[in-house]
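Please open the model in your viewer and keep the sequence panel beside it. The stops below go from the whole chain to a sheet and then to a pair of side chains.

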Amino acid sequence: MLLLVRCLLLALLSSLLVGSALACGPGRGFGKRRHPKKLTPLAYKQFIPNVAEKTLGASGRYEGKISRNSERFKELTPNYNPDIIFKDEENTGADRLMTQRCKDKLNALAISVMNQWPGVKLRVTEGWDEDGHHSEESLHYEGRAVDITTSDRDRSKYGMLARLAVEAGFDWVYYESKAHIHCSVKAENSVAAKSGGCFPGSASVHLEQGGTKLVKDLSPGDRVLAADDQGRLLYSDFLTFLDRDDSAKKVFYVIETLEPRERLLLTAAHLLFVAPHNDSAGAPERRALFASRVRPGQRVYVMVERDGDRRLLPASVRSVTLHEEATGAYAPLTAQGTILINRVLASCYAVIEEHSWAHWAFAPFRLAHALLAALAPTRTDRTGDGDGGGGGSMPVPAPGAGDAPGATAPAGIHWYSQLLYQIGTWLLDSEALHPLGMAVTSS
């Protein structure tokens with residue numbers, strides 16, 4: 001029986017490691033000299049990638065119109081690049097306003113245009129739209145889309161202009177009209193999710209042996225406070241970091257509650273549990289939202305202590321603010337898939353607003369971890385200076401099993417998360433979100 005279990009474990013690990021190589025390796029042609037890519041112009045009405053604009057594989061879903069007096073207006077930044085001509089027919093500067101990601105891609109494209117056609121500049125005919133001139137749920141309303149031409153308005157160049165936009169990194173490019181090319185980008189929270197990071201290093205968790213610990217100091221063997229599907233508090237094994245960057249300076253959403261007063265920092269695409277309006281305690285009807293979509297007046301779950309008893313209760317959100325910069329970005333994964341950070345219940349996942357799907361997608365990873373923990377030989381750590389701080393036996397990982405108990409999580413986004421995201425971009429071709437496609441940790 002033990003032999004059979006070992007064989008199954010090896011098969012599982014082999015498949016996971018092969019997937020890792022496919023996800024993280026340099027791809028075809030590794031070790032060979034790469035030749036310059038020959039650029040092919042897009043055909044009229046062609047779009048890249050070949051999926052609908054507002055799906056995961058392209059620029060993602062519409063998140064709501066931004067107006068000048070809305071809270072989200074601060075997400076837009078003006079572009080004063082002198083190498084770009086802005087039509088600005090409204091004479092309001094609206095065409096210059098866009099998200100930072102859109103600005104970065106547009107600036108990169110401006111350089112490519114000048115290199116491709118000396119003396120010619122990139123021209124923007126439409127940027128952020130505040131007047132309702134586009135179709136319903138257009139990404140122009142969020143500053144995530146631009147319509148472009150060349151400064152000489154030579155339509156014979158537009159097919160190549162579209163190709164240059166693809167190479168510049170726009171998430172969706174469409175040769176939409178004989179008169180312009182349409183380009184769009186993912187929302188900032190989606191981009192943050194791909195780049196990794198969830199909580200700052202100053203965030204704290206509760207340990208089973210008592211006391212708290214900074215999330216950045218978590219190590220295999222720690223058991224931290226989490227909650228099950230019914231909202232009951234329990235301790236769960238810390239498995240690994242799905243993302244870890246000790247030196248990163250990231251912008252976090254700051255969510256503050258009224259009573260009890262708690263304060264949580266997390267990145268835009270990370271999932272936070274929100275209580276339904278008629279809920280008075282932890283319940284399976286809770287839903288997970290991106291941090292960027294949480295609004296004042298909604299209720300999140302906060303741990304309260306009364307007469308020595310701990311329980312989760314909904315607490316009203318007093319404020320949600322952005323742009324608090326902190327050092328370090330950490331995305332801890334527990335066996336339960338949930339974790340209490342600064343006494344607030346959060347998911348361990350991001351990118352998809354379906355916590356249960358993400359947790360299901362990580363089932364193979366949890367199974368491999370459990371099997372390694374059961375089968376790996378153990379030794380007694382006599383050095384006395386291990387990170388676990390608890391003494392006793394520490395499991396030694398099997399050769400090649402980088403995620404076994406006792407293994408140190410490397411910096412960067414975990415390969416399993418990268419693999420799941422890549423699978424999602426391959427499979428998603430509609431508004432229906434595949435569970436494997438989104439279970440990447442956030443930024």
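## The whole chain

Begin with the surface display of this predicted model: the accessible surface of the protein chain comes to about 20,700 Å², and 52% of that area belongs to carbon and sulfur atoms. If you then colour by burial, 51% of the 443 residues of the protein chain count as buried. Switching to a cartoon view brings up eight helices and 22 strands. Among the contacts in the protein chain with a separation of 6 or more, 66% are between residues 24 or more positions apart.

## An open sheet

Next, select the open sheet of six strands, which has mixed pairing and runs in the order β1-β7-β8-β6-β5-β3. Its edge strands are β1, residues 47–48, and β3, residues 84–86, each of which pairs on one side only.

## Two cysteines

Finally, show the side chains of C102 and C183. How many disulfides does a search of the whole structure find? The search finds zero. C102 is in no disulfide, and the nearest cysteine sulfur to its own, that of C183, is 8.1 Å away; likewise, C183 is in no disulfide, with the sulfur of C102 as its nearest at 8.1 Å. Is C102 buried or exposed? C102 counts as buried because its relative accessibility is 0%, and C183, also at 0% relative accessibility, therefore counts as buried.

How values were computed: Residues numbered from 1 in each chain as written. Predicted model: local features only at pLDDT ≥ 70, side-chain atom pairs only at ≥ 80, totals over all residues. Heavy atoms only, no water. Disulfide = S-S within 2.5 Å. Buried < 20%, exposed > 50% of the residue type's maximum accessible area, 1.4 Å probe, protein only. Pairing = 2+ DSSP bridges. Helix = DSSP H or I, 4+ residues; strand = E, 2+ residues; numbered from the N terminus. Contact = heavy atoms within 4.5 Å. Areas by Shrake-Rupley, 256 points an atom, 1.4 Å probe, with all protein chains shown as cover.
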